[in-house]
Amino acid sequence: MASFRAEAPRLAMDWGINLRGVTHYTDEKGVALDAAPVFGAVTAPNSGIPAILNTTVDPQLIRQLITPTKSEEIYGSEKKGDRTNKTVMFPVIESSGYAVAYGDYEQGGDSSANANWVSRQSFHFQTWAKYGDLELEMMGTASIPWVAEQRTAGVSVLAKQQNLINLFGVSGLENYGALNDPALPAAITASVRERTATRHGPAPAILTPSTSIS
C-alpha cells in the first residue's frame with residue numbers, strides 16, 4: 001500500500017502538488033465504526049424563505065381620491081379666441097329709458113341703449129410628465145402602465161388648476177373667477193343659528209338582552 005509520506009516529495013517535485021496539512025491517504029488508516037462522523041454546518045442556521053416568495057401583489061390598481069373639479073359642471077364653459085389672444089373683449093349692451101302715461105299729444109318717454117366693453121386677460125399654464133426607460137421597465141414588472149399613469153396625472157393637474165382659476169381667477173390679471181368677479185353680486189354667506197333643543201315626553205326604553213332559565 002502506497003504511503004502518502006513516501007510519495008509527497010515526488011508529487012511536489014514532479015507535479016508541483018503541495019498538500020499542506022495532509023498526512024496520509026484515506027485508505028492508510030482504518031475508520032472506526034463505533035460512532036458516525038459529525039459534519040458541522042458552515043452556513044448560518046435558517047428554516048425560512050425570502051418574504052417575496054410568499055407575498056402576493058394585487059393586480060388591481062387603487063386610485064387615490066382627490067378633490068372633485070366641478071366648476072365647469074356648475075357654471076359651464078365656452079371657448080373664446082385661441083391661445084394667441086392675450087385679451088378677450090366682451091361687448092355689453094344695456095337698455096335704459098322710462099315711460100309716461102299715454103296722451104294724444106304727449107311726447108314724454110325715452111328709450112335708449114348703452115354699449116360697453118369688458119376685457120379679460122388670458123393666462124397660460126402647463127405641467128411636465130417626466131419618466132425614464134429604466135423606470136418604465138421597472139414599473140412594467142409590476143404590470144403598471146407608467147406612461148399612461150404619468151399622462152393621467154398631467155391631465156388631473158391641469159384640470160385642478162383650471163378649476164381653481166374658474167373659481168378664483170388669477171391674481172394680478174384681469175382674470176376673475178366665479179367667486180371673486182367684481183361684476184357679479186357678492187356671494188351669500190350662510191348664517192348660523194345656535195339653538196338649544198329640549199326633548200319632551202318619556203325617556204326612550206333601553207333594551208338589554210336577558211336569559212331565562214326554566
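Is V147 buried, partly exposed or exposed, and what is its relative accessible area? V147 is partly exposed, with a relative accessible area of 25%; buried means under 20%, exposed over 50%, and partly exposed in between (1.4 Å probe, protein chains only).

**View 1. The protein chain as a whole.** This is a predicted model, in which local features need pLDDT of at least 70 and side-chain atom pairs count only at pLDDT 80 or more, while totals for chains, interfaces and linings use all residues. Residues are numbered from 1 along each chain as its sequence is written, and side-chain values use heavy atoms, leaving out hydrogens and water. The protein chain has 4 helices and 2 strands, in the order α-α-β-β-α-α from the N terminus; helices (H or I, at least four residues) and strands (E, at least two) are DSSP runs, numbered from the N terminus. Of its 214 residues, 8% count as buried.

**View 2. V147 and its contacts.** V147 belongs to helix α4. Leaving aside residues up to four places away in sequence, V147 touches Y131 and L136, where contact means heavy atoms within 4.5 Å. The C-alpha atoms of V147 and L136 lie 7.3 Å apart, and the two residues are 11 apart in sequence.

**View 3. A nonpolar surface patch.** I74, Y75, L164, F168 and L179 make a nonpolar surface patch of about 520 Å². Helices α2 (71–75) and α4 (146–168) each give two or more residues to this patch. Accessible areas come from the Shrake-Rupley method with a 1.4 Å probe, and for residues only the protein chains shown count as cover. F168, in helix α4, is partly exposed, with a relative accessible area of 42%.

Key
Patches are made of residues with over 30% relative accessible area and no salt bridge: like charges are joined within 9 Å, nonpolar side chains (Val, Leu, Ile, Met, Phe, Trp, Tyr) within 5 Å. A salt bridge is a side-chain nitrogen of Lys or Arg within 4 Å of a carboxyl oxygen of Asp or Glu.
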